[in-house]
Amino acid sequence: MRQTRLGQSAVEITELAFGAAAIGNLFTEVDPEQAAAAVDAAWDEGIRYFDTAPHYGLGLSERRLGEALRHRPRDAYTVSTKAGRLLDPLTPAEAVARHGLSDGFAVPHTHRRRWDFSADGIRRSIEDSLGRLGLDRVDIVYLHDPDDHGEAAFREGYPALERLRAEGMVGAIGAGMNQTAMLTRFLRETDVDAVLCAGRLTLLDHSALDALLPEAAARGRSVVVGGVFNSGLLADPRPGATYDYAAAPATLLDRALRMRTVAEGHGVPLRAVALRYPLGHPAVAGVLVGTRSADEVRDAAAQLRTPVPDALWDDLRTEGLL
């Protein structure tokens, strides 16, 4: 599988990345064997970039990913995690009192997530992540969703990442968000190697093309694209499908259904088109897909290998869909 270097760093990623939120029990439980099998399938498909975060399952995703990769040669794969949320343990009484999903994850309420973009908080977050992953260094660290913490992220969080990169604890640094404005600011005002942009460079949302992608290309930085299916609509457009984790508006459902008709007219699944679309921009180093089983991993890899003819793109443009 093709690999690309992130910005000016020495870190390389495969064009398809394994998003490990799902094996942290996103929305529903995933048993340990299934989680391990998903990581093994990713390896068998040639995927060598794995993305996780403390937020995902209160550290469960990091622990499972670290365990699944432990017997692999360390220099053969790339791991990214995130910083900005610390995990503080709850007392037994507090834990018993909490029920249901923990910020979307089906895990016991053993810890409380606490926003912290201070220099000390960033260092502690990464040290904690290294412990859960069982690693002595992490290849990439993204500041995680600093939307409401911009001042602290730029004043303290980002400089802390620079120092950790200089110390060799971190290979490449950046920020990961669901919006483009602040990510563009990171590209303009800091020396990030890459940004992770979720949901804003898809067949249905092209907003990353306005400023983020041109800025990255002009400065020789890289963009990793997540959320290529917009949380489900582009994977399986149908009534009841979700768009950005809410019910898809009728206009977007109609647009996705029309796109599927065009794609299937060329014998190509819409999932393959959605995966390939972001990779058409030179600043995009890879796409990140969240998967919870070996079958989902194999399907994502198969879709990415599916050729998308130029005539398909031309037809989407002719129909006013792209």
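A salt bridge here is a side-chain nitrogen of Lys or Arg within 4 Å of a carboxyl oxygen of Asp or Glu. By that rule, Asp-88, Arg-114, Asp-116, Arg-124 and Asp-128 are linked in a network of salt bridges, and the structure holds 33 salt bridges. Keep in mind that this is a predicted model: local features need pLDDT of at least 70, side-chain atom pairs count only at pLDDT 80 or more, and totals for chains, interfaces and linings use all residues. Residues are numbered from 1 along each chain as its sequence is written, and side-chain values use heavy atoms, with hydrogens and water left out.

**Overall build**

- You're looking at 11 helices and 14 strands (DSSP runs numbered from the N terminus: helices are H or I with at least four residues, strands are E with at least two).
- The radius of gyration is 19 Å, close to the 20 Å that the globule rule gives for 322 residues, so the protein is as compact as a globular protein of that length. That radius is taken over C-alpha atoms, and the rule is 2.2 Å times the number of residues to the power 0.38.
- Along the principal axes, the C-alpha atoms fill a box of roughly 55 × 45 × 40 Å.
- As for burial, 57% of the 322 residues count as buried (buried is under 20% relative accessible area, exposed is over 50%, partly exposed is in between, with a 1.4 Å probe and protein chains only).

**Charges**

- The protein carries 36 positive and 45 negative side chains, and the centres of the two sets lie 1 Å apart. Lys and Arg count as positive, Asp and Glu as negative, while His and the chain ends are not counted; each charge is placed at NZ of Lys, CZ of Arg, CG of Asp or CD of Glu.

**Salt bridges to look at**

- Asp-145 and Arg-85 pair up at 3.6 Å, N to O. This pair links distant parts of the chain, 60 residues apart: Asp-145 sits in the loop between strand E8 (138-144) and helix H5 (150-167), Arg-85 in strand E6 (residues 85-89). Asp-145 counts as buried at 18% relative accessibility, and Arg-85 is buried at 12%.
- Glu-94 bridges to Arg-112, with the closest N and O atoms 3.1 Å apart. Glu-94 belongs to helix H3 (residues 92-97) and Arg-112 to strand E7 (residues 111-115), 18 residues apart.
- Asp-128 and Arg-124 meet with their closest N and O atoms 3.3 Å apart. Both lie in helix H4 (residues 119-133), 4 residues apart, about one turn of the helix.
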